[in-house]
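Me: I have a structure open here and would like to talk through how its parts pack together. Can we go step by step?

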Amino acid sequence: MAPVNLLQSFFNLVQELRKKLFMLLGIWLAGAVIGYLNSNAVIDYFESLLPPEAKLIVISPPEAFVSQLKIAIIIGLILTLPFIMYTVIDLLKTKFPRLGIKNPYTITAFCYVLFIIGASFAFFFILPLAMKFLLSYGGPKVQDWMTLSKYTSFATLLTVVFGFAFELPVFMIVLSYVGVLKSDKMIKNRKYIVLGMFIAAAMVTPPDPLSLVMLAIPLLILFEIGVYFARVRERSIAKKTDVVLTKTGKLIIPEGHAAASEAKQREALAEIGLTMEDLERFSRQMQRDLGQIPNEEFNESSGENQPSEEPGDNTDENQ
């Protein structure tokens, strides 16, 4: 798909999302209410990750309320995310038919499971390790006191970033479907992509090397998974759109092929940058190379290197 058409389709997608914005905000608000009712339990869990000598403090009157509100918003986002994902995927099904989305519910479930895995990985595994690692640098002469607001910001940011980072294979597959990414180019530029992942991980994670490495490693694994599925998708498309030019110069279209009719055949060939005339020329070239067509006949049909008549050739006829 051309970049201009892709941008136009993306703009149309955003316009459609704006129409459903209030509905999604209402669902998010309902989830935030549920999150606010459970925010104290989340804060208790955060506090349990601290050593006994560490303390959470507030340095302004609204800080505790703002911290609970922040946690409520994040929980509301997590609870609302399936509805947001389904809305986006359903619109993608309409705006990008070539994606081949048949069941938005299944794809929504797959995307949401990936998010939950990433968020849970950060919440129950990375966060305890990060807190233990970071607080170990204080030393015996440093009292571990931290504000509730900054601690909750650190923990919630880590959780959400890991959740969305685990969506990487989905984004790669979508970009592959619309023709923006190709698996061979991703493999060829792997070292630059790995460097970019570490830079991105450093930008979105808290400023500690443990969080950076613990995010970059899953990203590398997910990148390889995305490359694999992109390659599988490209092979699947190739079976539907590629044509077979045999050694005899005959063009073979399998039964049930997407290019069974001439119109569909031209459309399929256009996707791989060929025309019917190109195939005809390739076929005749192959027949010539196999000796089935003399060079003179090939030149006459192609209009190339046709011998021109010399003025002296008709001397006998004139006489």
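Me: At roughly what angle do the axes of helix 3 and helix 5 cross?
Reply: Bearing in mind that this is a predicted model, the axes of helix 3 (residues 39-48) and helix 5 (residues 104-135) cross at roughly 35° and come within 10 Å.

Me: Which residues make that contact?
Reply: Helix 3 contributes Val42, Tyr45 and Phe46, while Phe123, Phe124, Leu127 and Pro128 come from helix 5. Sorted by class, the contact of helix 3 with helix 5 holds seven nonpolar residues, with no polar and no charged ones.

Me: OK, next pair: how do helix 4 and helix 6 cross?
Reply: Their axes cross at roughly 10° and come within 9 Å, with helix 4 spanning residues 63-95 and helix 6 spanning residues 148-165. Because angles under 35 degrees count as roughly parallel, helix 4 is roughly parallel to helix 6.

Me: And what residues are involved there?
Reply: On helix 4 they are Glu63, Ala64, Ser67, Lys70, Ile71, Ile74, Leu77 and Leu81, and on helix 6 they are Leu148, Ser149, Thr152, Ser153, Thr156, Val160 and Phe164. By class, this contact of helix 4 with helix 6 has eight nonpolar, five polar and two charged residues.

Me: Switching to the whole protein, how many helices and strands are there?
Reply: There are 14 helices and four strands, and of the 319 residues in the protein, 34% are buried.

Me: Last one: what share of the contacts with a separation of 6 or more is between residues 24 or more positions apart?
Reply: Such pairs account for 73% of those contacts in the protein.

Definitions and conventions. Residues numbered from 1 in each chain as written. Predicted model: local features only at pLDDT ≥ 70, side-chain atom pairs only at ≥ 80, totals over all residues. Heavy atoms only, no water. Axes fitted to C-alpha atoms, helices over the stretch in contact; angles between N-to-C directions. Helix = DSSP H or I, 4+ residues; strand = E, 2+ residues; numbered from the N terminus. Contact = heavy atoms within 4.5 Å. Nonpolar A, V, L, I, M, F, W, Y, C, P; charged D, E, K, R; others polar. Buried < 20%, exposed > 50% of the residue type's maximum accessible area, 1.4 Å probe, protein only. Parallel < 35°, antiparallel > 145°, perpendicular 65-115°, else oblique.
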